[in-house]
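Here is a short tour to read with the model open beside you. Take it one section at a time.

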Amino acid sequence: MKKVILSVAVIMAIGLTSCKNETKQETTETKTEVSKDMAMVDISFGVRGNCGMCKKTIEKAANKVEGVANATWDVDKKKIDVSFDDAKTDAMAIHKAIAASGYDTEKVSGDEDAYSNLPECCQYDHEMMMNQ
Ligand SMILES: [Cu+2]
């Protein structure tokens, strides 16, 4: 009798686990469909910076903005490409987030405190040409 109860419990546990897995998969699929429907906007604008460390800081700041899907800064061109959901944010919010991390953009100058806290090699020239 105990064995029967045990095997019933095992079957139920397996059943529950597989149910959970199926639910998870469905949720993922739904999410993918939603993101396909989102209106993504691509923009690019100038951002001053020097090196790979700047790249990390700038991209991290841009990616932190809710609605930003992807941000890539080009060290040679001093330019960032950003894809974002324009229902959630706008270009100005991204400019401001990057400026708050210490970096000049075309529209907003970098926060001075954040700039002075950057590693010395990252303290770029404020006269530097950008968006080349
Ligand atoms: Cu740097």
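## About the model

This is a predicted model, in which local features need pLDDT of at least 70 and side-chain atom pairs count only at pLDDT 80 or more, while totals for chains, interfaces and linings use all residues. Residue numbers start from 1 along each chain as its sequence is written.

Let's start with helix α2 (residues 52-64) and helix α3 (residues 91-100), which pack at an angle of about 135° with their axes 8 Å apart. Helices here are DSSP runs of H or I with at least four residues, strands are E runs of at least two, and both are numbered from the N terminus. Axes are lines fitted to C-alpha atoms, for helices over the stretch in contact, and angles run from 0 to 180 degrees between N-to-C directions. The two helices, α2 and α3, are therefore oblique to each other (under 35 degrees counts as roughly parallel, over 145 as roughly antiparallel, 65 to 115 as roughly perpendicular, and the rest as oblique).

Which residues in α2 and α3 meet? From α2 come Ile58, Ala61, Ala62 and Lys64, and from α3 come Ile94, Ala97, Ile98 and Ala100. The residues of this contact divide into seven nonpolar, no polar and one charged (Ala, Val, Leu, Ile, Met, Phe, Trp, Tyr, Cys and Pro count as nonpolar, Asp, Glu, Lys and Arg as charged, and the others, Gly among them, as polar).

## A hairpin and its turn

Next come strand β2 (residues 68-74) and strand β3 (residues 79-85), paired in the antiparallel sense over six bridges; pairing requires that DSSP finds at least two bridges between the strands. Thr72 has Asp81 in β3 as its bridge partner.

Four residues lie between β2 and β3 in this hairpin. Lys78 sits in the loop between β2 and β3, and its phi is near 55°, a positive value in a residue other than glycine. Is Lys78 buried or exposed? Lys78 is buried, because 22 other C-beta atoms lie within 10 Å (20 or more within 10 Å means buried, 12 or fewer exposed, and in between partly exposed, with C-beta atoms placed from the backbone).

Back in helix α2 you will find Glu59, which counts as buried with 20 C-beta neighbours inside 10 Å. Glu59 touches Ala71, Thr72 and Trp73, not counting residues up to four places away in sequence; contact means C-beta atoms, placed from the backbone, within 7 Å. The C-alpha atoms of Glu59 and Ala71 are separated by 5.6 Å, with the two residues 12 apart along the chain.

Asn131 belongs to the segment after α4 (112-116). Its phi is near 50°, positive in a residue other than glycine, and with 15 C-beta neighbours inside 10 Å Asn131 counts as partly exposed.

Definitions and conventions: Contact = placed C-beta atoms within 7 Å.
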